[in-house]
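Here is a walk through one protein model, from a single side-chain pair up to sheets and helix packing. Keep the structure open while you read.

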Amino acid sequence: MSWLPMLRRQSPESGDERPWTPEEVAVLAEAVRRAPSVHNTQPWSLRVQGRAAVLRLRSMPELVHHDPDGRDRRMSCGAAVANLAIAMRGLGWATDVHWHADDGEAAVIGTHRRPATAIDRERREAIGRRASFRRAFTGRPVPHLARASVAAAATTQATWVDGPAEEHVLARLLAYAARANHADKTYQRELGAWIGPVSDEGLPAEVLPVRGVPATGLATGATRLPDQAQIARSLAQESVLVFSTITDGPRDQLMAGEAAERAWLEATRLGLVASVMTQPLRLSEVRAALSVELGLGGMPQLLMRIGYPLAIPVPRAGRRPLPDLFAD
C-alpha cells in the first residue's frame, strides 16, 4: 500500500513537505527498536515514505502455544506505533495514526509542524529509559496524581485494580494461571526456546523473575509459585492497571498495545517503573473471569504493574541491529 496520496492530502498546511532527514529517520528507527514486545521477538519492520513511517507485522516463528491468534504480536506492534508517534511529537511534528489492522500495518504521519512541549520531549526521552522491571517494588505507594496521569496517557480503557476485593480476585486468577502455565510442558518447551544468553531477540535468563507477582506473570519451569494469599499481600503493595477494549479484533489489540506503551512512557517520565503481564491472559478462562469479576465491560488485553524501583540494576534484553529493522 502507498501512503503518499494520504500524506499529500494531510500536510499542505505545513509548508514543509520534505522527506524525513537521515537524522530524523535515525530517531524514529531507534524509537521503534526500543519498543517492548512479546518475548522480545520485535515482530515488526519499518518503512519510511515521504513524511510517513509505516510499521508492518513481519514474518517470524509463530508462538503457537503462547500467542496462537497473534494477539500479543499485534499489541507489540501497537507499542512500537506509540513510540513512533511520541518520537515524532518530540521532533516537533503533529501526528496522525492510521490503522490497517487486516493488513497488519499502521502508518504514523507527520502532518504539520507543531513545537514540542516540555512533556513531549520528556516522553521522547523516556523511550530510551523504559525497561521491564520484573522485580519487587519498594512498597512506596504511587501518588494519586501520578496514577491519574498514567491512566490518562492511555488511549483505551485503563482500569486500576482497586481495593482488597479486586486484589483477591486478581490474586486468585494469577495463581491459577501460573499453576496452569507452569504445568504445561508443551508451552514451557516453546517458552524455553526464547530464553537463553543475551542475543538480538528473546529473553536473557537473568531478566526473568523467579518469585512474587512478576513470576506469576511469566511462569517458567524454574518459577517458585507463591500461593494466592502471598500474591494478594504483594498486590496490596503494588499498583496494577488492566487495559481492556470493548471488542476483541486485530485493531483493538493494536490499539491496546499503543495505549499501554503511552501509559508506560508516562510512568517512566514520572520516575516510576513497570512490567507487563500477558502470559496469564493467554488462558481464555482467565480473560473471561477478569472481565466479569472486575466489571470491565470489555475484554482485558494486558496487565501492567507500576511502582517505584529498588536501587538495583535492571537487566535489559537485546535488540535487533538497526539495519534489520528495515527488512520487509
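In which helix do Arg33 and Glu30 both lie, and how many residues apart are they? Both lie in helix 2 (residues 22-33), 3 residues apart, about one turn of the helix. The structure holds 17 salt bridges. Side chains of opposite charge can pair when their charged atoms come close.

A quick word on the ground rules. This is a predicted model, so local features need pLDDT of at least 70 and side-chain atom pairs count only at pLDDT 80 or more, while totals for chains, interfaces and linings use all residues. Residues are numbered from 1 along each chain as its sequence is written, and side-chain values use heavy atoms, with hydrogens and water left out. Helices (H or I, at least four residues) and strands (E, at least two) are DSSP runs, numbered from the N terminus.

Start with the open sheet whose 4 strands come in the order 1-2-4-3, with antiparallel pairing. Two strands count as paired if DSSP finds at least two bridges between them. At the edges are strand 1 (44-49) and strand 3 (93-100), each pairing on one side only. On average, neighbouring strands of this sheet are turned by 20° against each other, direction ignored. (Axes are lines fitted to C-alpha atoms, for helices over the stretch in contact, and angles run from 0 to 180 degrees between N-to-C directions.) Helix 3 (residues 71-90) packs on the sheet and touches strand 1, strand 2, strand 3 and strand 4, its direction making about 160° with that of strand 3. Contact means heavy atoms within 4.5 Å.

Now for the pairings. Strand 2 (residues 52-57) and strand 4 (residues 105-113) run antiparallel and are joined by 5 bridges; Ala52 has Ile109 of strand 4 as its bridge partner. Strand 3 and strand 4 pair over 8 bridges, also in the antiparallel sense, and Thr95 stands opposite Gly110 in strand 4. The hairpin of strand 3 and strand 4 has 4 residues between the strands, and in this hairpin Gly104 takes a positive phi near 70°.

**Helix against helix**

| Helix pair | Axes | Angle |
|---|---|---|
| helix 3 and helix 10 | within 6 Å | roughly 50° |
| helix 5 and helix 10 | within 7 Å | roughly 150° |
| helix 6 and helix 9 | 8 Å apart | about 130° |

Helix 6 and helix 9 are therefore oblique to each other. As for the cut-offs, angles under 35 degrees count as roughly parallel, over 145 as roughly antiparallel, 65 to 115 as roughly perpendicular and the rest as oblique. The contact between them includes Leu170 and Leu174 of helix 6 and Ile231 and Leu235 of helix 9. By class, this contact of helix 6 with helix 9 has 7 nonpolar, 2 polar and 2 charged residues. (Ala, Val, Leu, Ile, Met, Phe, Trp, Tyr, Cys and Pro count as nonpolar, Asp, Glu, Lys and Arg as charged, and the others, Gly among them, as polar.)

Helix 10 (residues 250-269) also meets helix 3, where the residues in contact include Met75, Ala79 and Ile86 of helix 3 and Leu254, Gly257 and Leu265 of helix 10. That contact divides into 10 nonpolar, 4 polar and 5 charged residues.

Conventions: Salt bridge = Lys/Arg side-chain N within 4 Å of Asp/Glu carboxyl O.
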